[in-house]
Structure formats: structure tokens, C-alpha cells
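Have a look at the sequence and the model first, and then read on.

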Amino acid sequence: MRFRLSAEPVDTGLLHDTLKHPGSGGFCAFEGWVRDSNEGREVDGLEYEAYAELAQVEGERILEEAMARYGVTDARCMHRTGHLQVGDLAVWVGACAPHRDEAFRACRYIIDEIKHRLPIWKKEHYLTGASEWVACTHVYREHEHEHKAHPPHVHHDHAKAFVPDYSRQTRLREVGDAGQAKLAASRVLVIGAGGLGCPVLSYLAGAGVGTLGIVDGDRLDASNLHRQTMYDARDIGERKVDLAARRLAALNPAVKVRTWTEPLRASDALEVFREFDLVVECTDDMRSRYLSSDAAVLSGTPLIMASVYQYEGQLQVIAARPGMPCLRCLWPQAPAPETVGSCVQSGVLGPVPGVLGTLQAAEALKILLDLPRPQADALLLVNLLDLNMQRLPIDAAQGCALHGGCAEVARAALALAREQADVDLVFDRLEDAIASGFTLVDLREAAEIALDPLPGVPSLSIPSAQVLARANELTTCRPLLVCASGQRSGHAARLLRANGLREAYSLAGGLRGMRTYS
Amino acid sequence: MILVHLQYYAQLREQAGMSGEQVNTAASSLRELYEELRLRRGFSLAAEVLKVAVNAQFSAWDRPLRDGDTIVFIPPVAGG
């Protein structure tokens, strides 16, 4: 094996030694390092991810080509994967040959081809705390060796950089080249890379939307695969934002992908929304939906929301213009999580979020391209059992307008959410919470607890629906509420605080989060 | 008594075990009708968390019923 991917630093002295051949009169090496800035942004470090099987085969092929092409004695290459700091060695290339010229040229050929052809993605971490995935094959430069002495090489046909072909959509009279340019200039944030998010992200990347942001804090679970079609069985346990970013880079390398690995918070949602032209809300979390609606109204960013239940779904487009209704115009307050159901508790047929997410993607493209859309804002109800679709116009005058208008209502809601931001606490182990003086209160139903009991730690059991009625049991302790995902416990802790229990807290991410990561 | 056409969505469909039905009712408002149905169909959700639409328009709960109305009860849903 001449080519090697390594997750660990490699001793270049050893690589050098493998190239010491008695017949060689010259040796040439190239080292690529992580530098501290890219396109004007300060970089803190980066992370390489490779499609390992393919990278290995392609890497070997490149080295063989270089040896045949320049007649070098031997050539080696090592490419790093994983986390790297500024100054770290990212790639090493070495070639030895009877004469120096071949060694130089082979070295140059190898590094150019490696940069162009290897399926490796780089995630840059910026000093601002943000990060971004960049397909390393993204920018194709015709390289110097091709059109001078040598005719185009047959091996190189597959290596040509991918040029997106949008002809099937630009052929639409309403899209055309002007529409395509609009898409390329557009920035869309997709919150949630699950059942709804998969079709949204795939269609928007395929369509050539210039920048896609992805927000998701979850890791892929085997139970996601029946409806989350971007992922496969090998991906289980990986962070969805990373998987989605890699998938999108492979689908359309022309798209720039930005990722957020934590859910947005009341403190940063508005700022993030302002960096995008359009937001698509695809989470299974009511609190995220309300936060998104508030942030859309206040930032003036259109928002496309959808949600599903078993065989049905709902879709609402929030235009985020004065006089147009928001989520709170329909349902002023977030309902308790146990009343609205979830894919975990109620079940869902895989194609249902697929259909609703596809509708969201279509709405997003219609908005970005200025295609005809219904004037009146409405709630769309989709029932996939009887194939019934129903549009119910929303009368903005009967919504937030009665309470000072959407903007006023959203501002108050965001302010309250910021005030309550300390409700969610992160613990690595439940024992740590107890050691910190908390009393664990398990809000799950008896059936859930029976399936997955808390491991050997004392706790009080109060089903979430009864938490307010039994608040008197919690007045003499500092309760840390826990549930499976952190949704019920977060809602209940806020409810308790609103009713005078100021010391109520919730385990962020729930027990599921704790299991996955510990 | 008047005859109304009902459609159930999400949790209500699941709890009723049907997508809809026609009922004869003496209820004078949407709210009264829903309370009747809660008893008959065992709906767990309170009217406050639902939206109701009559003849494809959202409606207030105190709206009087008319013969032949098509009424849709809609809970918020959260799956994604």
C-alpha cells in the first residue's frame, strides 16, 4: 500500500525512509499544513472526513499513475483524517527517482490529483465558534500536466470536476437562468435533519441553493432509518449534521453547507435567522417551532413549518410580513409535549414526513423563485389515509392582532424564553446531579420506566401530566425533572417556575442524550 | 336536532378510531358539541388546545351550529 489514510499523526521520517532506494538519485517531498485562515476567516482547526474505501482505491491509483507517467522509482502519500490543529501536517507526498526532475513533477502531480479527486471533506472550525463543511474536491483547477506534453489521459475522464446540470429545471419558463442565479445566491436554513429535513435538504441541494444551513443536535438511531432517507445503517451513532453535510457535499459539491450541532436558543435564534433568506422548520420539537416562529416574525425571514402525526401532516408558511399570521396566531402557546404526540410515542409511517418535507421543499423553491403561490396564508392539512388535502385560510385579525400583533407577542415570548434559559441543565451522569443537591423527578409514564428504569439512583416518579397538581411534593427540594428526550421535562420545569417553583430544572437532552454519549 | 359532518385529525382520529362521522346533535355551539363528543369518543384533549374549522374556515368556539355544517377539529402535532 503506497497510499495511506491516517487518523493519527504519522512520523514523516519513517515515510521518508521507505523511499530510500539505491537506484534513486533524487527525492522530493511535499507537506500540506493546516493554516490559520481561509477566505478571510480565521480558522481554529479543522476536521477531515473521508469516504475511506473509495479514497484508498483512488489514492493508490493516483500514485500508480504518477509512477507510470514520470518514471519515478517509488512514491508514497499519507492523508490525515480526524481533528487537526493549525500547523498540523494534513498531507504528505514523497517521490524518489533516478533524477530530480521526475521526482519534482511526480510530487506535484500527486498532490494536485489528491486535492482534486479524493473523496475527502474538510470541516473548518472558525474562531467565531461556527464551523463549515467544504468538499475538498470542490474547486477544480485544470492542472498543468494535462494540456502540454501529454494528451488527455483516459484515466482522467472520471476525475473531471463535477459540473452541476440544472437544465431540467432551468427549462421551466418560470425558472430559466435568472431563476437559477437566484437559487445560487440564496441562503436557506433547515432546522432538523430528520424525516422532514431529509427531503428538504436533498431537494434544495439538488436544485442548487447556494448556501444550506443545518441545525440538529441528534445522532442517528436505527429507528430513524425507515423515514430518514439520506442515511444508512453504517451511519448509526453519528451526528446527523455531519452525515447530512457529507451527503450534500456528495450530492452537489457546488453547495456550501454550514452546520450547527446544538438546537438554536432564544439567545441566538434571531441572529442566526438574519444570516438566511428563508428558514425551513423540520424538528419534532414544539419549543423549536415556537422559537422559529418568533424569530421569523422578528427578523422578517419567511418560515416554512411542517409537522406530522402517524398518517397525517400539517403545513404552514409564515410570510413574516406585517399583517400576515404566525404560528401563535393559530395556537398562542406551546401545548404540553404529552398532548401533541411524537414519532416515538405515537408512531409514524415513513413516507408521511417524506410527503410533508417534499411539500416544504416545493414551497421553499416557490418562494425563492417567486413562483405563483396562494395569496392567503393557510394551514394545510394532509391526510394520507384518505388522500384528503384541506387548506384552511388563517384570519390574522383573529390571532396575535388581538394581543398587540405578532411582533409584540414574539418579543415578549423571546424575552421570557431568554429569562428561563437556565432551566435546562447538562449532566454527564445522574449521580453528578444528585451530588450537586438535586432530587431526580422522573416524568415518564410507568410503561416507559418499566422498559428503561433509571439505573440505581433514587428518584421520585410523577407522570408529566400530573406535575402541576403534585407540585406541593416538590417545594422542599431542588427538583431536576427528567424524561426521555428533555422535551416534557423542559416544558414541565417552565410550567412549575411560572407557578412559583423557581428552583425547578430540566435535564437537557433527556435520558436518551445521556445514554448515547456516555 | 341538526345533522353535522365531523372530521377528526391526528390524536382525535386515533382516539375516535375513525376519520370522521355524521352526528345528530342538539348542541347549540361548537364548544357544547365538542364536550358531547369528548364523553362519547373519549377525547383526551381539551378544547383550548384545539383549533376548530367550520365549512373550511377557522371558527370561534362559541359559533352556533347550523344544519349541514362540516366541522373539523385540529390538534397541533409535533412529529418530524
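Predicted model: local features only at pLDDT ≥ 70, side-chain atom pairs only at ≥ 80, totals over all residues.

Residues are numbered from 1 along each chain as its sequence is written, chains are lettered from A and ligands numbered from 1 in the order in which they are written, and side-chain values use heavy atoms, with hydrogens and water left out.

**The two chains**

Chain A has 18 helices and 22 strands. Helices (H or I, at least four residues) and strands (E, at least two) are DSSP runs, numbered from the N terminus. Chain B has two helices and five strands, and from the N terminus on they run β-α-β-α-β-β-β.

How much of each chain is buried? In chain A, 52% of the 518 residues count as buried, and in chain B the figure is 52% of 80 residues. Buried here means under 20% relative accessible area, exposed means over 50%, and partly exposed is in between (1.4 Å probe, protein chains only).

Contacts (heavy atoms within 4.5 Å) tell you about each chain too. Take those between residues at least 6 apart in sequence: in chain A, 70% of them join residues at least 24 apart. In chain B, 50% of such contacts join residues at least 24 apart.

**The cavity**

A cavity is a set of points on a 1 Å grid over the protein atoms alone where a 1.4 Å probe fits but cannot get out; lining residues have an atom within 4 Å of a point. Grid points are joined across faces, edges and corners, and a volume is the space filled by probe spheres set on the points. The count comes to one cavity of 30 Å³ or more, and the largest cavity has a volume of about 120 Å³.

Which residues lie nearest the centre of the largest cavity? They are A:Arg289, A:Ser307, A:Gln314, A:Leu327 and A:Trp331, out of 13 lining residues. Helix 9 (286-299), strand 14 (303-309) and strand 15 (312-318) of chain A are the elements that give two or more residues to this lining. By class, the lining has nine nonpolar, three polar and one charged residues. In this scheme Ala, Val, Leu, Ile, Met, Phe, Trp, Tyr, Cys and Pro are nonpolar, Asp, Glu, Lys and Arg are charged, and the others, Gly among them, are polar.

Helix 5 (residues 176-184) and helix 13 (residues 351-369) of chain A have axes that come within 9 Å and cross at roughly 110°. That makes helix 5 of chain A roughly perpendicular to helix 13 of chain A, a label for angles of 65 to 115 degrees. Axes are lines fitted to C-alpha atoms, for helices over the stretch in contact, and angles run from 0 to 180 degrees between N-to-C directions.

On the helix 5 side, A:Gly179, A:Lys182 and A:Leu183 meet A:Leu365, A:Leu368 and A:Leu369 of helix 13. This contact has four nonpolar, one polar and one charged residues.

**Single residues**

Here are some residues with their relative accessibility.

| Residue | Relative accessibility | Class |
|---|---|---|
| A:Val340 | 2% | buried |
| B:Tyr9 | 3% | buried |
| B:Ser59 | 17% | buried |
| A:Asp370 | 61% | exposed |
| A:Leu387 | 69% | exposed |

A:Val340 sits in helix 11 (residues 337-340) of chain A. Residues of both chains touch A:Val340, including A:Met286, A:Tyr309, B:Gln11 and B:Pro76. The C-alpha atoms of A:Val340 and A:Met286 are separated by 8.5 Å, although the two are 54 residues apart along the chain.

B:Tyr9 is in the loop between strand 1 (2-8) and helix 1 (10-16) of chain B. Among its contacts are A:Glu312, A:Leu381, A:Asn383, B:Val72 and B:Pro75. B:Tyr9 and B:Pro75 are 66 residues apart along the chain, with 7.0 Å between their C-alpha atoms.

A:Asp370 lies in the loop between helix 13 and strand 16 (378-383) of chain A, and its phi is near 60°, a positive value in a residue other than glycine. A:Leu387, in the loop between strand 16 and strand 17 (388-393) of chain A, has a positive phi of about 55° although it is not a glycine.

Key
1 Å grid on protein atoms, 1.4 Å probe; cavity = no way out; pocket = protein on both sides within 12 Å on 5 of 7 lines; lining within 4 Å. Parallel < 35°, antiparallel > 145°, perpendicular 65-115°, else oblique. Lists of a residue's contacts leave out its neighbours within four places in sequence.
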